[in-house]
Amino acid sequence: YQKDAAPIYESLIGLGMHLHLNWSATLVATLVAILVISALLATFYRLGSLSGITTTILSTFAGICFIVLFGVEFNTAAIIGLILTAVASLVSSVIYCNKLKEEAYKGRSLKKANTEAAKKSMLPIVDVNVVVIVIGAVMYLIGGVLFKAFAAATVLGGVVSLVLNLTLLRGMMWL
């Protein structure tokens, strides 16, 4: 308890003669997590998993963009907010793919199954994303400076996740 631990960081981008990625432990762990989740989704939902992975990555990227746009500090709370946004988007896409699978098992054509899945999954998708948005708004109101990045990632990332999962996911599954 008497020794101080020096703060360290892992740079993701190396600046030298050429711009390159540093293969840090954080980057490798992130890529492995994306691959494992993608493999699980592909196992259960086959081609529909591409839509879910795309909307999840886009909503997480939007959360990062909003953190940068508003100039808030990127900290541990921001990472937790991005993870929460990604989980909400992933849960929303799993709900949609599950409803689509159920409708297809009932013998409906893919077009009709997509329409019915969109109707039946709309309220659960809205609920999941509204909960994330409310959590972010409450943490912004009662939290201090630390939670501004969390709020930027969850509130605005949740809105993007909601829009993407209601429009883009349905459109990609239609294709």
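About 970 Å³ of space lies in the largest pocket of this structure, which is a predicted model.

**The largest pocket**

Rolling a probe the size of a water molecule over the atoms shows where empty space is left. Which residues lie nearest the centre of the largest pocket? They are Thr30, Ile34, Thr60, Ile64 and Ile83, and they belong to a lining of 23 residues.

Now turn to the helices that build this lining. Helix H1 (25-45), H2 and helix H3 (76-105) each supply at least two residues. The largest share comes from H1, with eight residues.

**Two helix pairs**

Two packed helices are described by the angle between their axes and the distance between the axes. Here are two pairs to find in the structure.

| Helix pair | Angle between axes | Distance between axes |
|---|---|---|
| H2 (residues 48-70) and H5 (residues 147-174) | roughly 150 degrees | within 8 Å |
| H3 and H4 (residues 110-142) | about 155 degrees | 8 Å |

How do H2 and H5 run relative to each other, roughly parallel or roughly antiparallel? Angles over 145 degrees count as roughly antiparallel, and H2 and H5 cross at roughly 150 degrees. H2 and H5 are therefore roughly antiparallel to each other. H2 passes H5 in a right-handed crossing. By class, the residues where H2 meets H5 are 16 nonpolar and 10 polar, with no charged residues.

H3 passes H4 in a right-handed crossing. In the contact of H3 with H4 there are 16 nonpolar residues, four polar ones and four charged ones.

The model has two aromatic pairs by count, and one of them joins Phe66 and Phe70. Are the rings of this pair stacked or edge-to-face? Planes under 30 degrees apart count as stacked. The planes of Phe66 and Phe70 are 20 degrees apart, so this pair is stacked, with 6.4 Å from centre to centre. Both residues lie in helix H2, four residues apart, which is about one turn of the helix.

Conventions: Residues are numbered from 1 along each chain as its sequence is written. This is a predicted model: local features need pLDDT of at least 70, side-chain atom pairs count only at pLDDT 80 or more; totals for chains, interfaces and linings use all residues. Side-chain values use heavy atoms; hydrogens and water are left out. Axes are lines fitted to C-alpha atoms, for helices over the stretch in contact, and angles run from 0 to 180 degrees between N-to-C directions. Angles under 35 degrees count as roughly parallel, over 145 as roughly antiparallel, 65 to 115 as roughly perpendicular and the rest as oblique. A crossing is left-handed if the near helix is turned anticlockwise from the far one by less than a right angle, and right-handed if clockwise. Ala, Val, Leu, Ile, Met, Phe, Trp, Tyr, Cys and Pro count as nonpolar, Asp, Glu, Lys and Arg as charged, and the others, Gly among them, as polar. On a 1 Å grid over the protein atoms alone, a cavity is a set of points where a 1.4 Å probe fits but cannot get out, and a pocket is an open set with protein on both sides within 12 Å along at least five of seven lines; lining residues have an atom within 4 Å of a point. Grid points are joined across faces, edges and corners, and a volume is the space filled by probe spheres set on the points. Rings of Phe, Tyr and Trp (its six-membered ring) pair if their centres lie within 6.5 Å; planes under 30 degrees apart count as stacked, over 60 as edge-to-face and the rest as tilted.
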